[in-house]
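Welcome! Take a moment to turn the view around before reading on.

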Amino acid sequence: MNYVLNDRESSKIVEFIKNFARKNSLWVLAYGTGCGAIEIPPTMTSRYDAERFSVRGAATPRQADVLLITGYLSVKTLKRVIRSYEQMQDPKYVIGFGSCTINGGMYWDSYNTIKQLDLYLPVDVYINGCMPRPEAVLAGFAKLQELIGKGEANGWKHYKENLEWYRQNQQKLIKNWKMPDYNW
Amino acid sequence: MTFWQTLGAVLLTILIAFISGLFYMGIRRKVIARIQNRYGPPVYQNFLDVMKLWFKESNIHHGIMQHLAPLWMMAMGVSTLLFIPIVYNSDFWANFTFKGDIILLLYLMVFGSLGFALGAGQTGNPNSAIGVTRGLSQLVGFELPWVIALIAVMIQYKTTSLTDLVAWQQQHHTWIAFEQPFAFIAALLVLPAMFRYSPYDIVVAPSELASGPASEFGGKYMGLMMSSGSIFMFAKLALIVDVFLGGATSWLWMIIKTLALYMIPVLWSTVNPRYRTEQAIWSLWRWPLIFAVIGLLIATV
Amino acid sequence: MADLIYENTVVNVVKEHFKDDIIDAKVRRQRRVELRTNTNNIESVLLFLKEKMGFLHLSHISCVDWIEENRFELVYILWHPQEKVNVLIKVDVDRLNPVAPNIDYIWPQANTYERELREMFGIQFEGLVGRHELILEDWDDLPPMRRDFDTLQYVMQNYTFRSGREDAQDVRETIAKRTGEEIPEFAKKYSR
């Protein structure tokens with residue numbers, strides 16, 4: 001009659017509760033980088049209502065959990081996005097939105113948009129399409145929730161561990177690097 | 001009442017206020033969603049939000065005042081709650097009430113906002129500074145009619161004790177809301193401003209101020225603010241129920257009355273856009289103040 | 001075809017007033033008048049059109065890079081609010097030494113357009129005040145809208161592509177093959 005849980009099992013239960021809370025409360029930073037930002041209002045409002053899946057907007061990076069990169073990302077915006085991302089509190093997730101974040105999309109030969117987002121930020125979920133419709137966005141959120149529930153959405157840990165590599169890639173594009181430290 | 005009984009009552013009061021406050025906020029989100037023709041989040045969504053915020057693994061602050069700011073809010077919420085008698089004629093749920101608690105509550109309800117303003121000032125975020133200015137302006141706006149309404153009640157019944165007010169209402173089988181309607185109307189009109197709901201949400205204003213004073217608070221600080229917000233919300237509702245709506249003979253009545261009262265600012269806020277700062281203050285100093293002063297005149301005559 | 005009374009009036013008045021300083025003046029179509037002058041006279045032409053003719057609004061300052069003829073062509077687009085007529089005033093600027101007069105004392109909004117042209121084409125406006133960066137940030141290459149700026153080469157140098165991108169067929173080539181049309185010489189540079 002030994003019901004006392006050992007350490008490993010109890011930490012598993014704690015992790016399960018933590019992940020359950022995290023996946024059911026996603027606060028999305030309201031920051032539109034490209035044309036995809038126009039798909040966010042219908043996703044959030046009454047037609048598609050992302051709030052019923054516990055996805056809600058957050059006003060500032062400090063409060064947010066999810067950073068949506070909505071579409072193309074110019075080098076100038078990348079600097080701000082990195083800064084916003086680093087201000088967010090762990091655990092935090094990134095969703096790459098639209099084909100521009102995956103391989104440059106229709107801006108593949110543009111001189112000032114990046115072609116591959118995961119060189120600069122740790123992306124947990126990609127949503128493809130140009131632009132993805134709100135259904136696709138909701139599917140992306142569902143995928144992210146599934147990953148969080150399994151404890152596999154660990155992009156933020158990966159970013160912290162490989163900060164040097166990410167910094168190298170970022171500084172290759174952003175020549176005038178005047179930024180605060182990580183999570184200042 | 002032994003020490004342990006008091007402690008148990010206090011802790012249980014805080015716990016029930018916390019849970020019901022979070023549920024009220026969840027109901028609010030659901031109501032707003034239904035009015036906007038959406039399905040809306042589950043009612044327990046706010047519990048998950050608070051849990052998630054407490055489970056955050058990094059929490060940044062920029063100095064000791066910012067570190068303490070949510071604690072001021074929590075201290076205000078808890079202390080306000082504990083000086084309000086919850087259940088009529090019950091020693092166990094009377095908590096710390098004493099003769100003159102209304103006057104103490106008038107002080108306590110301002111204290112947390114001022115402490116939080118100091119903390120928000122230390123973040124150095126310009127949005128915080130603007131939010132604090134607006135918040136203090138609005139505080140001046142709603143404190144005036146609110147205090148005058150309470151003074152009118154205090155003068156009319158010649159008491160500064162919440163217990164006495166509740167006892168009078170229970171013994172005469174009536175509510176002060178009917179006996180002193182002008183003060184009650186003034187209190188109702190300032191209620192959205194006290195909760196910072198639309199049209200008085202100039203302080204948080206997510207789309208223009210990036211949530212104002214709270215813009216640099218993340219992780220556990222945000223979680224503490226949500227918890228204290230729910231407790232303080234319940235405390236304010238309980239105070240108005242005690243003063244104007246006859247108090248409660250049991251926890252069930254208290255919850256029914258506070259929820260019904262809470263629906264008034266909620267429904268009012270869902271259909272209203274945002275005031276500008278000067279509009280907010282003018283709207284608070286016009287009809288609410290007029291009603292409060294009429295109530296005061298009736299009480300003194 | 002509607003009668004072009006006002007359009008012709010503009011052409012005649014401007015020609016009469018400026019004589020040889022106007023290189024070319026013609027009516028393109030309804031509500032569209034085209035003038036051509038040089039950098040020395042552009043300010044007086046613009047002032048004349050604004051003060052005497054009533055073209056009160058500067059819609060845009062555009063630029064065309066005629067790399068083969070070694071010149072930039074600045075296009076000032078004015079709008080007459082009452083008569084509803086557009087006037088395009090074209091000015092040639094030397095491509096090697098692109099200098100044009102600053103006109104933001106006539107229309108303050110010209111300042112933004114001129115800063116954009118300075119950034120995107122490298123055209124210098126005499127006495128233009130304003131931060132050097134408008135849209136780009138930390139740009140140290142050729143101005144990117146010039147035609148001798150090789151975008152593809154720049155992209156290949158600075159960005160990495162995800163592997164799998166090579167699978168994508170060139171759309172122009174695919175269409176050309178299907179319909180049997182010939183790809184023009186200038187476009188071949190951009191197709192893979």
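Let us begin with two helices of chain B. The axes of α2(B), residues 45-54, and α10(B) come within 7 Å and cross at roughly 145 degrees. Here axes are lines fitted to C-alpha atoms, for helices over the stretch in contact, with angles running from 0 to 180 degrees between N-to-C directions. Helices (H or I, at least four residues) and strands (E, at least two) are DSSP runs numbered from the N terminus. This crossing of α2(B) and α10(B) is left-handed, a term for a near helix turned anticlockwise from the far one by less than a right angle. On the α2(B) side, the contact is made by Asn46(B), Asp49(B), Val50(B), Leu53(B) and Trp54(B). From α10(B) come Lys220(B), Met222(B), Gly223(B), Leu224(B), Met226(B) and Ser227(B). Contact means heavy atoms within 4.5 Å. By class, the residues in this contact of α2(B) with α10(B) are 6 nonpolar, 3 polar and 2 charged. Ala, Val, Leu, Ile, Met, Phe, Trp, Tyr, Cys and Pro count as nonpolar, Asp, Glu, Lys and Arg as charged, and the others, Gly among them, as polar.

A word on the source: this is a predicted model, in which local features need pLDDT of at least 70 and side-chain atom pairs count only at pLDDT 80 or more, while totals for chains, interfaces and linings use all residues. Residues are numbered from 1 along each chain as its sequence is written, chains are lettered from A in the order in which they are written, and side-chain values use heavy atoms, with hydrogens and water left out.

Helix α10(B) also turns up beside another helix. The buried residues of α11(B) pack against α1, α8 and α10 of chain B. Among these buried residues are Trp251(B), Met254(B), Leu261(B) and Val266(B); buried means under 20% relative accessible area, exposed over 50%, and partly exposed in between (1.4 Å probe, protein chains only). How far apart are the end C-alpha atoms of α11(B)? They are 28 Å apart, which agrees with the 28 Å that its 20 residues should span at 1.5 Å a residue. The expected span is 1.5 Å times one less than the number of residues.

Now for the chains together. Of the 2 pairs of chains in contact, chains A and B share the most contacts. No contact joins chain B and chain C, whose closest C-alpha atoms lie 24 Å apart. Buried area is the accessible area (1.4 Å probe) that two parts lose on being put together, summed over both.

| Pair | Buried area | Share from carbon and sulfur atoms |
|---|---|---|
| Chain A and chain B | about 2,500 Å² | 55% |
| Chain A and chain C | about 2,100 Å² | 51% |

In chain A, Trp108(A), Tyr111(A) and Lys175(A) lose the most area to chain C, together 39% of what that side buries.

Finally, some loops deserve a look. A cis peptide bond joins Asp90(A) and Pro91(A), with omega about -10 degrees, and Pro91(A) is in the loop between α3 and β4 of chain A. His173(B) has a positive phi of about 50 degrees although it is not a glycine, and this residue is exposed, with a relative accessible area of 73%.
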